[in-house]
Amino acid sequence: MQQAASLLAICSGVSAAGTVERIFSFSSGDIGRIDILLTDIPLENEDYRSVGARTWGGACVLAEMMVEHPEQFGLGFLTRENDTCGRRPLRILELGAGTGLVGLTAAKVLVASSAKQDCRATVVATDFYLSVLNNLRVNIDKNFPGDPSDGTVTITSHFLDWSKLPAMPSLPELLSEPFDVIFGADIVYEANHAIWIKECLERLLRRPSTLAACPLAPTFHLVIPLRPTHLPEAGSIETTFRRMDDIPCEDFPELVIFSKETMLCEAYRDSDRKRGCDVVEYLYYRIGWSRQR
């Protein structure tokens, strides 16, 4: 069990709170300091579908991990001219982006990397609830008001309804090309979510390259909290995705759990940390294709 670093800001899901602006700060020796300016808006009439209006703890945990170890999330990937990965921008997708903390952090890490190496990337942050999607666009514009990377790294928002995507005969242009890396933070809180997520990944996550020269394995990174009120939903990940070791080598490729890690994180109750903190348990899954075609 890993003891994660303390969260650097409060990650709240309190529906009674009004509109709040906060700066989330993360840093590492390689990347330096990254600041994300976010606006949280109130939930709409206690509608659980608008939960993305708030920034939740899972997003803070995943963002901090990405800054500290970018190479583990494909964000330290060095493109090469002699492989298929190097001929196009790295494609990154965030499912259930909410306020956009994870996608914005990924984009800023890539901007920092682009100053040191040839790093081209497209980040697409998705959600489906109208007010959440509108706020997501506002947060993207706040953090990327211009073009700090000369177009080498771009981030945009897009509507995505997980329940309807599998039946769509064709995908919107922004989603039509498979993604190399997909992120999800605190997005499993209903029984059907794990199934819908798997169906989305089957259409959106790039199939492994048959070329050994392309070292970036397509991966879905998922962080979820172990809430006492949602344990069955959290458990649905492991009933929906089989583990890598359980797949016979002669089977066709399928999405499997590569690894699972338990983390304990400190979530402070206020910005000056005077009210103490709670210890929250999170699960971090790496999910991808079981084998190459």
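Guide: Helices here are DSSP runs of H or I with at least four residues, strands are runs of E with at least two, and both are numbered from the N terminus. Before we apply that, keep in mind that this is a predicted model, where local features need pLDDT of at least 70, side-chain atom pairs count only at pLDDT 80 or more, and totals for chains, interfaces and linings use all residues. Residues are numbered from 1 along each chain as its sequence is written, and side-chain values use heavy atoms, with hydrogens and water left out.

Now for helix 1. With 12 residues at 1.5 Å a residue, helix 1 should span 16 Å, and its end C-alpha atoms are 17 Å apart, which agrees. Helix 1 is largely enclosed by the rest of the structure, because 11 of its 12 residues are buried. Buried means under 20% relative accessible area, exposed is over 50%, and partly exposed falls in between (1.4 Å probe, protein chains only). Among the buried residues of helix 1 are Gly57, Gly58, Ala59 and Cys60 towards one part of the list, and Glu64, Met65, Met66 and Val67 as well.

The structure holds three aromatic pairs; rings of Phe, Tyr and Trp (its six-membered ring) pair if their centres lie within 6.5 Å, with planes under 30 degrees apart counted as stacked, over 60 as edge-to-face and the rest as tilted. Phe73 and Phe183 make a tilted pair, because their ring centres are 6.2 Å apart and their planes sit at 40°. Phe73 belongs to the loop between helix 1 (57-68) and strand 4 (90-95), while Phe183 is in strand 7 (residues 181-185), so this pair ties together parts that are 110 residues apart in sequence. Both Phe73 and Phe183 are buried. Tyr284 joins in too: ring pairs link Phe73, Phe183 and Tyr284 into a cluster.

Elsewhere, Phe128 and Tyr129 pair up edge-to-face, because their ring centres are 6.3 Å apart and their planes are at 85°. Phe128 is partly exposed at 32% relative accessibility, whereas Tyr129 counts as buried at 11%.

Back at strand 7, have a look at what follows. Asp186 is in the loop between strand 7 and helix 4, and that residue is buried, with a relative accessible area of 11%. Its backbone deserves a glance as well. Most residues other than glycine have a negative phi. Asp186, though not a glycine, has a positive phi of about 55°.

Ser114 is in helix 2 and is partly exposed at 21% relative accessibility. From C-alpha to C-alpha, Ser114 and Val153 are 8.0 Å apart in space but 39 residues apart in sequence. Ser290 comes in the segment after strand 11 (277-289) and counts as buried, at 8% relative accessibility.

Notes: The expected span of a helix is 1.5 Å times one less than its number of residues.
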